[in-house]
Amino acid sequence: MARIGVISISDGRDHVHARNSEFIQSKQDDLVRSLKQAGHEVVAGDDLVATNTLATSVARKVAASDVDVTVFYYTVWAFPHFTMLAADATRSPLVLVASTDPTEPGLVGMLAAGGALDQIGRAHTRAWGAPDDTELAEKISVRARAAAAVSALHGSTFGRFGGRPMGMNTAVANTDQWQRQFGIDVEEIDQYELVLRAEKADAAEAKHAREWIERHAAGVHYDGKKLTPELLERQIRSYMAVRDIIAERNLDFSGIKGQPELTEHFATMDVTEAFLNDPYDWNGPKKTHVCATEADMDGALTMQIFKSIAETPVLFADVRHYHADRDIWDLCNSGQHATWFAARSDDPAENLAKVNFYPEVFFFPAGGASVQHIAAPGQMTLGRLTREDGQYRLQLMLGEFESYDEATNKVLMDQSTPEWPHAFARLDAPGEVFLSKFGANHIHAIPGDHRAALRAVTEQLGIRLDEWTRG
């Protein structure tokens with residue numbers, strides 16, 4: 001999940017350290033064991049820090065292991081200047097952790113060290129508890145997952161197929177700002193490259209993929225015009241083309257403009273985008289690759305962070321309609337939802353059994369299949385990175401996806417576009433507040449409550465958090 005450094009800080013008096021060293025080591029071993037049991041890789045310092053030279057050398061060695069977050073551990077009274085020297089030797093986020101064993105003043109050591117860091121403006125967070133306390137391990141884990149997500153952005157590459165779609169300003173970000181603030185490079189790729197590669201893609205694999213979809217899906221509804229076997233295979237070959245470009249150019253995440261060029265003259269990218277975001281395709285399990293429709297850069301950035309935090313696919317949707325009588329939002333757009341969201345199963349057949357491939361609607365004259373389903377119910381974390389006056393903020397909320405009987409689902413879908421995928425969401429945010437303040441037409445979601453880790457992400461990125469609740 002994350003790589004965590006652990007450095008224990010001690011007393012600088014030789015005779016005191018000699019008395020305490022076995023106690024410190026025992027506590028550190030318990031903490032390391034607890035963090036490993038939580039699924040993390042742990043890099044422990046090769047010595048207990050009891051001198052100024054060790055403070056620097058131990059911290060440098062741990063930092064050289066490219067840890068996502070560094071824990072300074074206080075089980076006894078610890079000389080604060082050791083913390084200052086160790087902090088200077090590492091650039092990772094810091095978590096100061098105190099043992100609450102009352103036989104030794106670990107809390108005193110942490111507070112003295114934390115105050116010293118405050119005085120120089122070095123950001124850190126604090127936690128305390130018994131080393132084998134699962135709640136303590138979770139607090140550290142939250143910071144570590146956030147740090148890993150932030151660290152993963154640096155040195156990554158976003159593949160942008162096409163430019164701004166349909167005048168959509170919120171889909172375009174400043175590439176200089178991305179490089180400066182997040183460490184992300186943007187590779188510009190013309191959509192013609194996708195068309196060219198798709199035309200040359202392996203026809204045998206495309207046929208195999210089409211037959212796999214036909215075999216497992218709830219239905220592939222050919223109409224002889226907007227959706228034919230040939231058009232579905234064109235969409236599949238588009239997926240294969242993007243997959244190859246991703247591998248060749250080492251893209252970490254991407255977005256495809258689509259509209260209007262591809263949707264008017266080639267095919268929609270719904271199948272391509274859905275299966276890129278899925279953890280499988282017709283060849284078996286694979287890594288998910290975040291791909292945002294309409295080349296939505298901030299949407300893709302949000303999805304990449306969400307993916308790192310939750311380790312699941314990420315939903316991409318338009319905020320299509322608010323059913324005020326039900327207090328339910330219809331999150332729906334042209335086929336972008338990964339098929340995984342239909343049942344959230346590790347078995348693609350279970351998900352696809354709830355997915356229909358319908359002919360595209362009038363918006364898209366080139367045709368192709370939309371990837372339609374209703375997202376499975378459950379708790380969700382929803383939000384998006386948006387910008388206000390050029391400054392990033394994370395607009396964040398908790399919610400629930402709901403599903404109803406077949407007749408109710410049909411009534412709700414028929415009020416918007418039934419051929420597209422839908423997530424019926426009850427948001428922990430008042431409708432008036434959401435519609436007045438949300439900074440884009442696209443929203444993103446991951447299963448579970450990941451707000452604590454995302455709060456930590458905003459702290460580590462130095463961006464504003466706008467969190468909405470009904471309270």
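**View 1. Packing of helix H1 against helix H5.** In this predicted model, helix H1 (residues 14–37) packs on helix H5 (residues 134–153) at an angle of about 65 degrees, their axes lying 10 Å apart; axes are lines fitted to C-alpha atoms, for helices over the stretch in contact, and angles run from 0 to 180 degrees between N-to-C directions. H1 is therefore roughly perpendicular to H5, a term covering angles of 65 to 115 degrees. Helices (H or I, at least four residues) and strands (E, at least two) are DSSP runs, numbered from the N terminus.

**View 2. Residues at the contact of H1 with H5.** Leu31, Ser34 and Leu35 of H1 meet Leu136, Ala137 and Ile140 of H5, where contact means heavy atoms within 4.5 Å. By class, this contact of H1 with H5 has 5 nonpolar, 1 polar and no charged residues.

**View 3. The open sheet S8-S15-S16.** Three strands form an open sheet in the order S8-S15-S16, with mixed pairing; two strands pair if DSSP finds at least two bridges between them. Strands S8 (219–220) and S16 (369–372) stand at the edges with a single partner strand each, so one side of each has no neighbour in the sheet. Strand S15 (residues 356–359) pairs with S16 in the antiparallel sense over 4 bridges, and Tyr358 has Ser370 in S16 as its bridge partner.

**View 4. Helix H11 over the sheet.** Helix H11 (residues 270–277) lies across S15 and S16, and runs at about 40 degrees to S16.

**Notes.** Residues are numbered from 1 along each chain as its sequence is written. Local features need pLDDT of at least 70, side-chain atom pairs count only at pLDDT 80 or more, and totals for chains, interfaces and linings use all residues, while side-chain values use heavy atoms, with hydrogens and water left out.

Key: Parallel < 35°, antiparallel > 145°, perpendicular 65-115°, else oblique. Nonpolar A, V, L, I, M, F, W, Y, C, P; charged D, E, K, R; others polar.
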